Amino acid sequence: MDIPIRAYSLANGLRVTLSPDHTAPIVAVNLWYHVGSANERPGRTGFAHLFEHMLFQGSAHVGANEHFELIQRAGGTLNGSTWLDRTNYFETVPAHHLGLALWLEADRMANLLPAMTEDKFRTQRDVVKNERRWSVDNRPYGTWWERLPALVFPADHPFHHSLIGSMEDLDAASLDDVADFFRTFYTPDNAVLTVVGDFAEAEAVHLIEEYFGAIPPGNAKPPLGHTELPDTFGTWRRVTVTEDVPSPRLFLAFRIPPFGSPEWYAGAVCGAVLGLRRGCRLHRALVREKQMASDVTAFTYDLVKGRDLLVLDVTARPGVEAADLEPEVTHHVDRLADGDISDVEVARALAQIETDLLASLESAQVRADRLSMFATYFDDPARINTEADRFRAVTTASVAAFANRFMRRDNRTSLIFAPGTPPA
Amino acid sequence: MVAAPIGRLPLVTATVVVKGAGAFSDPADAEGLAELVAAMLLEGTAERDGAAIAEQFEDLGTTVSSAADWDAATLSATLHPDRLDRAVDLLHGVLRSPAFPEREMARLRGEHAAERLQMLAEPRSLADAAFEWLCYSSRSRYRRPISGTRSTVDQLDRAAAVRTWTAQYVPARTTVILVGDIAVDRAVELASRLCDDWPAVEPPPPDAVTEARHEIARVHLVHKPDAAQCELRIGHAAVPRSHPDYFPLTVMNAILGGLFSSRINLNLRERHGYTYGAHSGFDWRSDAGPFVVSTAVNTDAAGAAAREVLAEIERIRTDVVSADELSLATSYLAGVFPLRFETTSAVAAALASAELFGLHDRYFDEYRDSIAAVTRDDVRRVAQEQLRPDVLQIVAVGDRDAVAPQLEALGFGTPTIHAAADVESGR
């Protein structure tokens, strides 16, 4: 399944990927800035995300919240999100509004600062603090989101601290920080622009040059702190958090080769064999047979800088002791690490991964985001067309070798939530 | 059968919708039966057990979802067309010869109990459940969730599941939908295989009741000690999907709280910074589903936020909306319409909905014109007729000490205080 791709750069360093598809009269515009929470300085956790909010508050020629209104009026959808090492902004619009979407992105890349005011900043800080309360503080297990990175990355590692930030650091941030951040990171040479859908290439090339061409490149952003890590944790670290939760929950993390490396694909298949949907080992053993878990899943962080993480996430049924959950899970991990793995299980995992990859191509915006990702992380958007082949190259032997090397006792971090009253 | 050939990618979504096999058909005190039956279809057939069913679907690169909503039970799978034959064989088995093994029924009852505990522990889901429980009368099916409460599900036995499946899963009520890389005649052939030799018996219509619990506006609080935020749900029972004002209500709601640039969201989030997001919506069902405004706000702004919501509801009833606001809503709804149908599963879901609610053949073709036809006067008329401040139920989940005084100050009387356990019992 090959999608057409044309990749080029503007003189100012903006990398562009175009992928036409005339099936439906819509077009997806997607922009990745290569900056995230990892770039925050000490005392400013959560700033990259707060900054993302400010980007919707207008720019030189756009009023507050007008970006949202213009796109919605055009019959489009839009959003943005902040991650450890990138921030993305995207719109999907009816095809004839391509110019509007590009122009809006260009205006805020070129000239955000004239629209920034103290009032808007204070309001967005309140919004972000409420987002933190809603997604982290006011839900059971919500803090796993910050606790796990703090455990699996050393204290001085750029990925260690909270992405959504602490209330104290958010309060300490100022409008000056906004100006500084913008000038340092929101530059065309630090960005990748992708357009997917029903557009004419010549017109897109012309509009992109017209709107983005004159934006000056940045002055080399400061390098990220060291992200290199040893291949494994070197130990099994275990932390139990006692909280008012209805039942125990285990996050079991393994340090694995970086996303996109040859070994990584075998690792993804390991995760699927253990934790994908209902045909996986942990579901069969813990949910169905022993009835001691209600939910099982496995995921990776997809990190290219340093090392990646594979995480098993298991929620126990109420009444199960927190201390009993982990050994039940690691029993199956140990089996895998000892080479107990069948062709059938690997084929099952690959069949589902293949369907999932195909389904990810259906939506123009999902396709665009993946193209931006491959451009940013690998400088190769065309990788989207070979991902399926990389998975198909995984064998039962390579899965066994991966588990043996990376899923043993010397490479585990356990974060366990146990029901109870938190210590005073 | 409904077939929508879309040849772009080698993917097909196969969806089976069984109308009337939804939660609205649950007998009194057996709430959760429809959902349990739908889930149990995947837990064993005459030929294979639940583990084998899961594994064999996944060997084909797909997973089957089987669940009930209010008005139907739906099974769905998305996969490569080359594997469709085998998948249809498996689907035939789960649909036509489920075994309802006791062991798995007990397991699902236990999993449901675990889910209920998680629901009670999470303020946002607790607020959703509490709102419907307080909105609808004790005789109404809607007062208890689709999946039932612990006490109702604990009593569901194999005999009840078999009885329900026998009565409700019949060809007259079943639609097979195939969307994607599949030719129409192949779709007909596969659908026929699913439905061959199926005895035809028309099930009785549900006799469930839907009525409001309170005849006046009331304030309620579900106590969650030391909650980091206050979850608010403000609304009342509204109208069924079949209501002739569906389009004006959709446009009115977009302006009030259905868009990011809506009145409620801009007010609570962008102007006041009370919340990460606030929205309003009509939950369209075969009977009168709720209209509800939802938001999670700063605990110390609970009263102020509720006041702003009430003011916005009043304002859209009193003044005609501006031409600008109307055009934003209609342009958005009409323009975004095709964006919603990029995936085979989205198309299948829309077709299922059309079947369920008896939407006419040209519904999708005429959707945008129907939206564009709504006027400013229509918006005010339906706001006045269907938004009823005099029966609004204001439900808060948060710390009682901090929130109760703020609710009291709203002027609807002293808030009734509930415990999460009361919501769970659903009585």
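Helices (H or I, at least four residues) and strands (E, at least two) are DSSP runs, numbered from the N terminus. With that naming in hand, here are the close-ups of this predicted model.

**View 1. The largest pocket and its centre.** Welcome to a space of about 660 Å³, the largest pocket in the model. It is lined by 28 residues, and those closest to its centre are B:Ile6, B:Pro338, B:Phe341, B:Glu342 and B:Val347.

**View 2. Elements around the largest pocket.** Both chains take part in this lining: α13 (364-378) of chain A, and β1 (2-5), α13 (344-356) and α14 (363-372) of chain B, each supply at least two residues. Look to α13(B) for the largest share, 4 residues. By class, the lining holds 16 nonpolar, 5 polar and 7 charged residues.

**View 3. Where chain A meets chain B.** The contact draws on 59 residues of chain A and 61 residues of chain B. Between the two chains, about 5300 Å² is buried, with carbon and sulfur atoms giving 53% of that area.

**View 4. A salt bridge across the chains.** Here the side chains of A:Asp21 and B:Arg8 come together in a salt bridge, at 3.5 Å from N to O. Chain A and chain B share 8 salt bridges, and 33 residue pairs are in polar contact between them, both residues at pLDDT 80 or more.

**View 5. The side of chain A that touches chain B.** The elements giving two or more residues to this side are α2 (66-73), β5 (87-94), α4 (118-137), α10 (281-289), α12 (343-360) and α13 of chain A. α4(A) gives the most, with 10 residues. Sorted by class, this side of chain A has 20 nonpolar, 22 polar and 17 charged residues.

Technical notes
Residues are numbered from 1 along each chain as its sequence is written. Chains are lettered from A and ligands numbered from 1 in the order in which they are written. This is a predicted model: local features need pLDDT of at least 70, side-chain atom pairs count only at pLDDT 80 or more; totals for chains, interfaces and linings use all residues. Side-chain values use heavy atoms; hydrogens and water are left out. On a 1 Å grid over the protein atoms alone, a cavity is a set of points where a 1.4 Å probe fits but cannot get out, and a pocket is an open set with protein on both sides within 12 Å along at least five of seven lines; lining residues have an atom within 4 Å of a point. Grid points are joined across faces, edges and corners, and a volume is the space filled by probe spheres set on the points. Ala, Val, Leu, Ile, Met, Phe, Trp, Tyr, Cys and Pro count as nonpolar, Asp, Glu, Lys and Arg as charged, and the others, Gly among them, as polar. Contact means heavy atoms within 4.5 Å. Buried area is the accessible area (1.4 Å probe) that two parts lose on being put together, summed over both. A salt bridge is a side-chain nitrogen of Lys or Arg within 4 Å of a carboxyl oxygen of Asp or Glu. A polar contact is a pair of N or O atoms within 3.5 Å; within protein, one must be able to donate a hydrogen and the other to accept it, and residues adjacent in sequence count only if both atoms are side-chain atoms.
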